[in-house]
Every structure is written in C-alpha cells, then in structure tokens.
Amino acid sequence: LMAWLLPNHYQPWLAAYQDFSMFLAALLLSIILIQQQTIRIPYFTLFFISLTCIPLVQYFFGIIYFFGEAFTTSLYLLAFTSIFIVGFNITELEQKKRDKILLGFFSLVLFASIISVWIQLRQWLLFDGNIWTVDLPPNGRPFANIAQPNQLATLLLMGIMAILYLFENNKINNFVASFTAMFLISGVALTQSRTVWVFGGCFAIWWLFKSNRLQTRLGCTFLMFWIGVYLVILIILPYLSQFLGVYRIRDITERATTGLERIEMWKQVWIAIQNAPFFGYGWGQLNIAQISISSADLNKPIFGYAHNLFLDLWIWNGFVLGTIILILIFVFLFYLAVNLKNINSIVIL
C-alpha cells in the first residue's frame with residue numbers, strides 16, 4: 001500500500017521509497033515459506049536465476065561499466081525470482097489459506113486504487129496540494145501519488161480485476177461492484193492512458209474465449225457494457241473539464257494521433273542493436289547505446305528505456321540472447337493461459 005500511495009519522489013532515484021516498500025512487502029510475504037516443511041522451486045525458476053546473473057556477467061566482461069548498475073539490476077531480478085517462488089508455493093497451500101491470501105491481496109489492491117482515484121480527482125479539480133499528495137504539473141495528466149499516468153492506469157486496471165475477483169467469488173453484490181467499477185473506470189479515463197485501450201481489447205477477447213467454458217457472473221453482454229461506459233466517459237471528460245475550467249483533458253482523436261515520436265526513437269534503437277547484435281550494451285544501458293550511434297540522427301532523444309519490451313531486451317542482451325529470453329517468456333505465459341482451469345486463475349493472470 002505504501003509503495004502505491006507514498007507521495008515522496010526525489011532525485012536522483014524518484015521511486016526509492018516506493019521500491020523499498022515493495023521489497024519489504026516481498027520480504028514479509030516470503031515469511032509464508034517459513035511455515036512450510038518443504039519449499040518447492042519450479043524448473044522455470046532456473047530461467048529467472050539465469051536472468052539475475054546476466055547483468056553481473058556483463059559487468060565482468062566490461063559491457064556494463066559500473067558495478068553499482070549491474071548489482072542494482074540483479075537485485076531487482078533476484079527479488080522478482082524470489083517472489084515468483086513465493087507465488088508458486090502459495091498455490092501449493094491448502095485451499096483455505098490460499099483463498100485468504102488472495103482475498104487480502106485483492107482487497108489491498110482495490111483499496112489502493114480507490115484512494116488513488118480520490119487523489120487523482122483532487123489533482124484534476126485543482127484542489128490545494130499538501131504533504132500527502134503529489135503536485136500535478138501544468139497540463140499534466142492526473143497521476144495520483146504514483147506520479148506516472150500509465151503506471152497509475154495499470155494499478156487501476158488491477159483494481160478493476162480485484163472487483164471482478166471479489167464479484168465472481170460472491171464477496172460483493174451487484175450494486176457495490178457496479179458503483180466501485182464506475183469510480184475506478186472514471187479514474188482510468190482521467191489518466192488518458194493508451195495502455196488501457198490495448199488491455200481492453202485483449203481482455204475482452206480473453207474473457208469471451210474463457211467464459212464460454214466456465215460459468216461466470218460477468219457475462220459477455222455486461223463486459224461490453226462496461227467497455228462502452230469507459231468510452232462514453234472518455235468522450236465526455238474533455239467537455240466536462242472545459243466546462244469546469246480545470247486541467248485540460250485531451251480527446252480520443254488527439255490521444256490517438258500524438259506520441260508517434262516513439263517510432264523515431266525505435267528506429268534509433270534498431271540502429272544501435274545492429275551495431276552490437278551479439279552481446280548488446282548491457283541491462284539498463286540504453287543511454288550508452290544512444291551515445292554509441294551519435295553519428296545517427298538523434299532529433300528524438302531517448303532516456304532510460306525504449307518503451308518497447310522487445311527492443312529493450314534486444315539492446316540489453318543482443319539479438320540472439322534477447323530473442324531467446326522473449327521466446328521463453330511467451331512460451332511460459334502461453335502455457336499458463338492454456339492450462340487455466342478456474343475463474344480465479346483467469347482473473348489473476
């Protein structure tokens with residue numbers, strides 16, 4: 001909860017407090033393993049352990065220049081590997097314990113989402129800031145205390161999935177689910193995130209495919225209704241903002257036709273990949289890659305990462321190793337998707 005709601009964002013590590021909170025949460029959740037007589041480690045964990053070692057190996061071969069960068073990246077990957085093992089062992093618990101953990105997790109996500117939308121509404125309506133909320137810059141997109149609208153949209157989508165989990169398990173009734181969903185969908189629309197458009201399309205297809213085989217409380221008709229509600233709110237918001245005289249909200253057409261400078265960024269990244277196709281530039285070293293192609297046209301500078309999972313993994317690891325990593329990730333996710341047998345697993349994935 002602190003990782004999502006803390007308002008502290010300071011240079012040079014803007015998410016230091018939030019990341020530390022999430023590391024602490026992972027540590028606390030890992031206590032579950034101590035209660036078990038045996039700890040099961042799935043074979044696929046070897047893949048994550050291998051990923052954890054790659055930045056350190058790249059440092060020792062001189063691909064990554066600073067040990068601190070390699071170590072920090074490995075630390076994040078190690079935390080991810082650890083929590084993957086914890087998650088796998090949670091599935092091995094008895095049903096009652098597992099359901100209790102999931103209920104607690106989804107309730108927490110939903111609470112964080114509701115509070116975030118409340119903060120987001122304060123920012124949008126130009127309420128005076130305080131030490132508990134992040135100030136919104138001029139013409140910014142309301143981003144609550146996460147301070148990044150796409151990441152806030154991701155949290156709110158998780159909150160909507162939490163509503164779906166609670167609804168499908170009869171923990172909340174139709175009225176509570178509908179009212180809360182309307183509130184969170186309004187927050188999602190306020191972020192103006194195009195990530196939501198991709199998710200909405202993918203999830204609709206996913207739910208239509210899976211719900212035909214399982215009995216679900218949320219039928220396909222109501223799913224389309226809620227997607228329609230989101231679109232209506234998205235259309236109305238710019239006019240409502242103009243009427244209220246608060247922060248300007250871009251309309252759908254403007255959002256769909258702006259931000260295309262990323263294509264130019266991706267062209268630069270592709271040039272850099274071709275210059276180091278075998279070993280790459282090291283994890284998190286996109287800026288180094290950019291400097292290495294200084295002869296190219298850099299009218300669209302890149303900072304930190306490429307906004308593209310494929311290109312990032314290729315530029316960090318080289319084309320061969322990056323492609324292997326991508327294939328393994330997709331094979332794993334496809335295996336999970338095909339073998340899901342119940343509604344809770346579908347919502348969790």
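Biologist: Why is Ser 116 called buried?

Modeller: This is a predicted model, so the value is computed from its atoms. Ser 116 has a relative accessible area of 0%. Buried means under 20%, so Ser 116 is buried.

Biologist: Which residues touch Ser 116, leaving out those up to four places away in sequence?

Modeller: Leu 5, Ala 144, Leu 152, Leu 155 and Leu 156. Ser 116 itself lies in helix α5.

Biologist: Which residues of α6 make the contact with α5?

Modeller: Leu 152, Leu 155, Leu 156, Met 158, Gly 159, Met 161, Ala 162, Ile 163, Tyr 165 and Leu 166. On the α5 side, the contact residues include Asp 99, Phe 105, Phe 106 and Ser 116. By class, this contact has 17 nonpolar, four polar and one charged residues.

Biologist: Why is α5 called oblique to α7?

Modeller: α5 spans residues 95-124 and α7 spans residues 174-191; their axes cross at roughly 50° and come within 10 Å. Roughly parallel needs an angle under 35 degrees, and roughly perpendicular starts at 65. Roughly 50° falls between those limits, so α5 is oblique to α7. α5 passes α7 in a left-handed crossing.

Biologist: What classes of residue make up the contact of α5 with α7?

Modeller: Nine nonpolar, five polar and no charged. Among them are Trp 118 and Trp 124 of α5, and Phe 183 and Gly 187 of α7.

Biologist: What makes the aromatic pair of Trp 314 and Phe 319 tilted?

Modeller: A pair of aromatic rings is described by the distance of the centres and the angle of the planes. For Trp 314 and Phe 319, the centres are 5.0 Å apart and the planes 35° apart. Pairing needs centres within 6.5 Å. Stacked needs planes under 30 degrees apart, and edge-to-face over 60. The structure holds 24 aromatic pairs.

Biologist: Where do Leu 126 and Asn 139 lie?

Modeller: Leu 126 lies in the loop between α5 and α6. Asn 139 lies in the loop between α5 and α6 too. Phi of Leu 126 is near 65°, a positive value in a residue other than glycine. For Asn 139, phi is near 60°, also positive.

Biologist: Why does Asn 139 count as exposed?

Modeller: Asn 139 is at 62% relative accessibility. Exposed means over 50%, so Asn 139 qualifies. Leu 126, at 46%, falls between 20% and 50%, so Leu 126 counts as partly exposed.

Biologist: What kind of peptide bond joins Gln 11 and Pro 12?

Modeller: A cis peptide bond, with omega about 5°. Pro 12 is in the loop between α1 and α2.

Methods. Residues numbered from 1 in each chain as written. Predicted model: local features only at pLDDT ≥ 70, side-chain atom pairs only at ≥ 80, totals over all residues. Heavy atoms only, no water. Axes fitted to C-alpha atoms, helices over the stretch in contact; angles between N-to-C directions. Helix = DSSP H or I, 4+ residues; strand = E, 2+ residues; numbered from the N terminus. Parallel < 35°, antiparallel > 145°, perpendicular 65-115°, else oblique. Left-handed = near helix turned anticlockwise from the far one by under 90°. Contact = heavy atoms within 4.5 Å. Nonpolar A, V, L, I, M, F, W, Y, C, P; charged D, E, K, R; others polar. Phe/Tyr/Trp six-rings, centres within 6.5 Å; stacked < 30°, edge-to-face > 60°. Buried < 20%, exposed > 50% of the residue type's maximum accessible area, 1.4 Å probe, protein only.
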